[in-house]
Amino acid sequence: AAAMAPMARAGAVRAASAGRAAAGRARGQARGAAQGRGATEQPGRGTRAGGTAIGGIVAAGGDRRTVSCQSARGTYNTDYSRSEEFRRHPKDCGSPEYQISRLHLRILQLTEHLKENRKDHSTRRGLMNLLAQRNNLLKYLFRTDRPKYDHVIKALNIRSRLVEEV
């Protein structure tokens, strides 16, 4: 019974500190709401000099507007304008050849990044995932539309590892 007392006390201390932390968060949210911020925004975080945070980018003056340098999730600063020739129609985003061209451009960008940052293993892992995804799409294109496959690998200068199985 004597050995249980310190453990029970430690549990009570943890519970009390968790209660204090929750109360502090509630006070911060109430303070933020009183200052015109949403309840989820932390005071002093995500904004700079009175600006408003828009997806990690701050618009000066606090106005809410779309910032053109924002990208969709996972695209970062990749310029996809070179992949326009692979679109089947203006709103195409799912055709295999267009996906392959977008993946190829991202792969080139990550390869350049890894030449400078050799120890960036998380980027290397992401690059391996993109290579696997591109190879799966190339296999699909090889199986279903051989002329398109040939055009894509020539245009993007990709080495073909796929061979016709007789």
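Visitor: Why is Tyr-149 called buried?

Guide: Keep in mind that this is a predicted model. Buried means under 20% relative accessible area, and Tyr-149 comes in at 2%, so it is buried.

Visitor: What makes Phe-142 and Tyr-149 an edge-to-face pair?

Guide: Two checks here. Ring centres have to lie within 6.5 Å to pair, and planes over 60 degrees apart count as edge-to-face. The centres of Phe-142 and Tyr-149 are 5.0 Å apart and their planes sit at 80 degrees, so edge-to-face it is. By this rule the count is one aromatic pair.

Visitor: And how do you know whether Phe-142 is buried or exposed?

Guide: The cut-off for buried is under 20%. Phe-142 has a relative accessible area of 14%, so it goes down as buried.

Visitor: What makes you say that Arg-146 lies over the face of Phe-142?

Guide: For the distance part, CZ of Arg must be within 6 Å of the ring centre. Arg-146 is at 3.7 Å from the ring centre of Phe-142. Arg-102 does likewise with another ring: its charged end sits over Tyr-80, 3.8 Å from the centre.

Visitor: Why does Ser-83 count as buried?

Guide: Its relative accessibility is 1%, so Ser-83 is buried by the under 20% cut-off. Ser-83 is in the loop between strand S2 (57-59) and helix H2 (96-116). Leaving out residues up to four places away in sequence, Ser-83 touches Tyr-98, Ser-101, Arg-102 and Leu-105.

Visitor: How do you know that the side chain of Ser-83 reaches the backbone oxygen of Tyr-80?

Guide: A polar contact needs N or O atoms within 3.5 Å, and the side chain of Ser-83 reaches that oxygen of Tyr-80 at 2.7 Å.

Definitions and conventions:
Residues numbered from 1 in each chain as written. Predicted model: local features only at pLDDT ≥ 70, side-chain atom pairs only at ≥ 80, totals over all residues. Heavy atoms only, no water. Helix = DSSP H or I, 4+ residues; strand = E, 2+ residues; numbered from the N terminus. Buried < 20%, exposed > 50% of the residue type's maximum accessible area, 1.4 Å probe, protein only. Polar contact = N/O pair within 3.5 Å; in protein donor to acceptor, adjacent residues only side chain to side chain. Contact = heavy atoms within 4.5 Å. Phe/Tyr/Trp six-rings, centres within 6.5 Å; stacked < 30°, edge-to-face > 60°. Lys NZ or Arg CZ within 6 Å of the ring centre and 35° of its normal.
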